[in-house]
Amino acid sequence: MAIVSSAGIGSGLDVNSIITQLMAIEKEPLKVLTTKASVLQSTVSEYGKIKSAVSTLRDLSTKLAGFTPWAQTVSTSSSPTAVTAATNGAVAGTYSVEVQSLASSQTLASGLYAATTTTLGAGTLHIELGTWGAAQTAFTPKSGATAVDVTVDATDTLANVRDKINATGSGVTAMIMTDANGSRLLLRSNTTGAENGFRTSVADADGGNSDASGLSALSFDIGSKVMTQSQAATNAAATLNGIAVSSTTNTLGSVVDGLTLNLGAVTTTPVTVSVVTDKDSLKATMTAFAAAYTDLVKLITADTKYEPATKKAGPLQGDSAATGIQRQMRALAGAMSGASATFGRLSDAGFELQSDGSMTVNATKLDNALANLPELKKMFSASNSTDPSADGFAKRFKVLTNAMLATTGTLVTRTDGLSAALTRNQKDQDNFNNRLAATEKRLRSQYTALDATMAKLNSVNSYVTQQIAQYNKSTG
């Protein structure tokens, strides 16, 4: 059976209130620990933001210190309908392109039939990919391609023959063209280029393999060209800066490293394709670099400032590690560099420091700097293994931010220290809570004993009082 304790009933003491007030005093040091934990958590959170901002600046610095942003190019064409270009690291330059012919697919057409339901006759249609020789008097099968045979039944209609050809995967597509005169079966190679031509031969059930009767009406072979060729399979032919080039498709993807030319029409005059540095993309990266620097500096400023009007300090006010990061950033942003003979400071190229520590981009100065791309590149990405003062600014920021983010760097060691302090604080809170529980148990035990003792004393006092009253009454 559970024992119900009602401390204070016998003695009149408000034991629960007394213990609650005493424990409130005992818990005061715990408030200090929890307040300190809250401060530590806030500090860890702010350092997480700083670490993220430094990482962003590091990534952009690494990009500008590397090869890629300076090698990015874009292209223009004097006749986009005839020639367009796409770049992927192509060297800047100008190219003169002339297109003599476009790549095409071989296309054959049968004679007219009354309807798509017309039957052609039984037999076997043989389809083979390859290259036709001059005047189509010779045919060389395509290496790696497999010829196919299509079995045609006597009941197969024009539409059935079309479907059977398309089901073979021969590299040739069949289709039906219908107009006011009737229907024709068209055969077209799936891929452009001379090597993707094709021939058809027939084993006709009527015994005539090269006449226009029965299935032989679909024959197109050496000595037996019953179908009509409306388009031959040809390669694209062009000249690039006077050098003849050929392609099985209308895309020239390997003629110049990093440059893909797409041919759209035969030309009568040379088309000029210009490949230039992608200054817009480069400017965007540089502007993002300045914004990342500003975000970091402003974040630390907000975290470490003290507002006299509200008498409120930032979460990192007085934090030497945070202010140290800010000092290093400002010192580097305002430093000199021997990397470029033209741009000794970031401000020379338009990256100007403001009174609040932020970095803004002077568009006019940056545009002027972009006109001298070799020197601007040096200012950002130059690397000198023997003289760090001759390193570009992006290289310097890369080194500085990498050091901060390294396992032994400022940010990691500071964060690790804060995490360790939080762990210790939580352990101290746990130990203190255990002590509080023991203290409350001890106080309840003591006051319960006191309550019992006082109850007995009250009982004795009541008895004595009664006895005295009886004695006085009997002797009165």
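How close do the axes of helix H9 and helix H10 come, and at what angle do they cross? In this predicted model, the axes of H9, which covers residues 393-405, and H10, which covers residues 410-474, come within 4 Å and cross at roughly 20°. Because angles under 35 degrees count as roughly parallel, H9 and H10 are therefore roughly parallel to each other. The contact is formed by Ala 403, Met 404 and Leu 405 on the side of H9, and by Thr 410, Leu 411 and Val 412 on the side of H10. Sorted by class, the residues of this contact comprise five nonpolar and one polar, with no charged residues.

Helix H9 itself consists of 13 residues and reaches 18 Å from its first C-alpha to its last, a span close to the 18 Å expected at 1.5 Å a residue. Buried positions in H9 are Phe 393, Ala 394, Lys 395, Arg 396, Phe 397, Leu 400, Thr 401, Met 404 and Leu 405.

At the level of the whole chain, 10 helices and 22 strands are present. The C-alpha trace spans about 160 × 75 × 40 Å along its principal axes, and the radius of gyration of the chain is 46 Å, whereas a compact globule of 476 residues would have a value near 23 Å. Buried residues make up 38% of the 476 residues, and, of the contacts in the chain with a separation of 6 or more, 68% are accounted for by residues 24 or more positions apart.

Methods:
Residues numbered from 1 in each chain as written. Predicted model: local features only at pLDDT ≥ 70, side-chain atom pairs only at ≥ 80, totals over all residues. Heavy atoms only, no water. Axes fitted to C-alpha atoms, helices over the stretch in contact; angles between N-to-C directions. Helix = DSSP H or I, 4+ residues; strand = E, 2+ residues; numbered from the N terminus. Parallel < 35°, antiparallel > 145°, perpendicular 65-115°, else oblique. Contact = heavy atoms within 4.5 Å. Nonpolar A, V, L, I, M, F, W, Y, C, P; charged D, E, K, R; others polar. Expected span 1.5 Å × (residues − 1). Buried < 20%, exposed > 50% of the residue type's maximum accessible area, 1.4 Å probe, protein only. Rg over C-alpha atoms; globule rule 2.2 N^0.38 Å.
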